[in-house]
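Trainee: Could you show me how to read a structure, feature by feature, beginning with the general idea and then turning to the case at hand?

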Amino acid sequence: MKVLFTVSEASPFVKTGGLADVAGSLPKALCREGADVRVILPLYSAIEEKWRLKMNFLFYTYVHLAWRRQYCGLFCLVHEGVTYYFIDNEYYFKRSGIYSEFDDGERFAFFSKAVTEILPLLGWDPDVVHCNDWQTALIPVYMKLEASDFYSGIKTVFTIHNIEYQGRFSKFTSDDVFGLPEWLFSQGITRYGDDIVLMKGAIYQADFITTVSPSYAHELCNEYFACGLHEVIRDNSYKLTGIVNGIDTEYFNPLNDRSIAVNYGPETLGGKSECKKDLCRELGFDENDSTPIIVCVSRLVEHKGFGLVAESLWDILSKNVRLVVLGTGNIEYENFFRNAEINSKGRVSANIMYSETRASKVYAGGDMLLMPSRSEPCGLAQMIAMRYGTVPIVHAVGGLQDTVRPHPSENSNGFAFYNYSSYDMLKVIDYALEIYKNKEEWQNLMHRGMTEDLSWNCSANEYLKIYKSLKKQA
Ligand code: GLC
């Protein structure tokens, strides 16, 4: 089974969110299952020199994007047994950031067209091309437009990691920027009102669609969650399935994480209290204070539930807990938590930054992880927290619902509330704090989370099954 995994970010080379974690761990897990999975991504200037030095230049060609003819170099690197290809074009990818450039549409259309055009040049013909999110949504569209048998022999899978980001552009870009024929718009494959939506094109043109948890797959049929694409999803639900993400359990492991003060595991929980003290020292909290620490490790954006956290912050703090926030995002939330830190007398710590080392310390030193996302396709923080014995408190949606079994159910590994309201969130925080007082019960919760199988083993096999059934149809 040969699969080309196409994606706009992949750990450890370049990462802004959970997508990179998936791209850095799922292909590895699939390779362990015996598949030949290779990953292809843009060669951004953000990719560090230490990786570039290890890359081999393979070849260059010119890619046709509408009326443009653009240079495209191809580099390659093998990391932890997985082959990574990098698409080089400095005009598109030598930028200060990865996303949020004025011409993101053209940049990722170039990447998608480049992937399509180099497929026959690779000397390695994949059975399946697996695309992820809107940045690669044009690949199934471009591949279907190619007439040769070469392309019709390759199946495509498109994974939706978050339907909020769809790649929506004015219809005037359809031909001029993306080089798409008019019929894709007029027949409604890409059309969304007066705009075009690249993700919609992929949903219609890909041979199979997946999303990152079974609950989110159901939710996507619902207007509340689908950001305007619910009918498109319903139309295509015959080829849609939800597969919950795993995490890299070797990487996220408190037993050998070098960033934390003391290593610990499910049988050596004592180390975790040392990590809590260390975190307190690092953040300027009183290390002799044993009140519980609630942590949030997340992008600070509305759909991650920060509206609820902000409106009820002082109610949360009235419960004799401390709060640690780590992440960047919306400037209003960043400033809100900075102010809260100043006004809270050592009970709020605002870490407005992106730092994996700090994140490890926060996961290890926290008691509870608060993740009240309004919607959550899968969510990785709740799984990482469990691994570190930090008990998740979540809004029961999407992947949060599929990974957290709320107390007091049998085998519970966390807490959940069901209505998206700060009232319900506060109630469940109260409830969790009550359970926290019962040391034995709490340790059972921690233990169950830490020993949970959060690896890719199971889910990688589900992807393999899909690839295999598609290969049969080819
Ligand atoms: C997106 C989603 C998140 C998911 C991640 C990886 O970032 O918002 O829920 O875990 O993709 O699939």
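Predicted model: local features only at pLDDT ≥ 70, side-chain atom pairs only at ≥ 80, totals over all residues.

Trainee: How is a pair of aromatic rings described?

Mentor: In general, one gives the distance of the ring centres and the angle between the planes. In this structure, a search of the whole model finds 28 aromatic pairs. Taking Y92 and F93 as the example, their ring centres are 6.3 Å apart and their planes stand at 55°, so this pair is called tilted.

Trainee: Which residues do ring pairs link into a cluster together with Y92 and F93?

Mentor: The cluster joins Y44, Y91 and F110 to Y92 and F93 through ring pairs.

Trainee: Where does the charged end of R69 sit?

Mentor: The charged end of R69 sits over the ring of Y62, at 4.4 Å from the ring centre. A further case is K113, whose charged end lies over the ring of Y142, 5.4 Å from the centre of that ring.

Trainee: Where does Y142 belong among the helices, and how many residues of that helix are buried?

Mentor: Y142 is one of the buried residues of helix α5, which spans residues 138–145 and has six of its eight residues buried, so the helix is largely enclosed by the rest of the structure.

Trainee: How many disulfides does the structure hold?

Mentor: The idea is to compare distances between cysteine sulfur atoms with a cut-off of 2.5 Å, and here the structure holds zero disulfides. For C31, the closest cysteine sulfur is that of C76, 13 Å away, which is too far for a bond, and C31 itself is partly exposed, with a relative accessible area of 21%. For C280, the closest cysteine sulfur belongs to C275 and is 11 Å away, again too far for a bond, while C280 counts as buried at 1% relative accessibility.

Trainee: At what angle do the axes of helices α13 and α17 cross?

Mentor: The axes of α13 (residues 270–283) and α17 (residues 356–365) come within 8 Å and cross at roughly 125°, and the two helices are therefore oblique to each other. As for the sense of the crossing, α13 passes α17 in a left-handed way.

Key. Residues numbered from 1 in each chain as written. Heavy atoms only, no water. Phe/Tyr/Trp six-rings, centres within 6.5 Å; stacked < 30°, edge-to-face > 60°. Lys NZ or Arg CZ within 6 Å of the ring centre and 35° of its normal. Buried < 20%, exposed > 50% of the residue type's maximum accessible area, 1.4 Å probe, protein only. Helix = DSSP H or I, 4+ residues; strand = E, 2+ residues; numbered from the N terminus. Axes fitted to C-alpha atoms, helices over the stretch in contact; angles between N-to-C directions. Parallel < 35°, antiparallel > 145°, perpendicular 65-115°, else oblique. Left-handed = near helix turned anticlockwise from the far one by under 90°.
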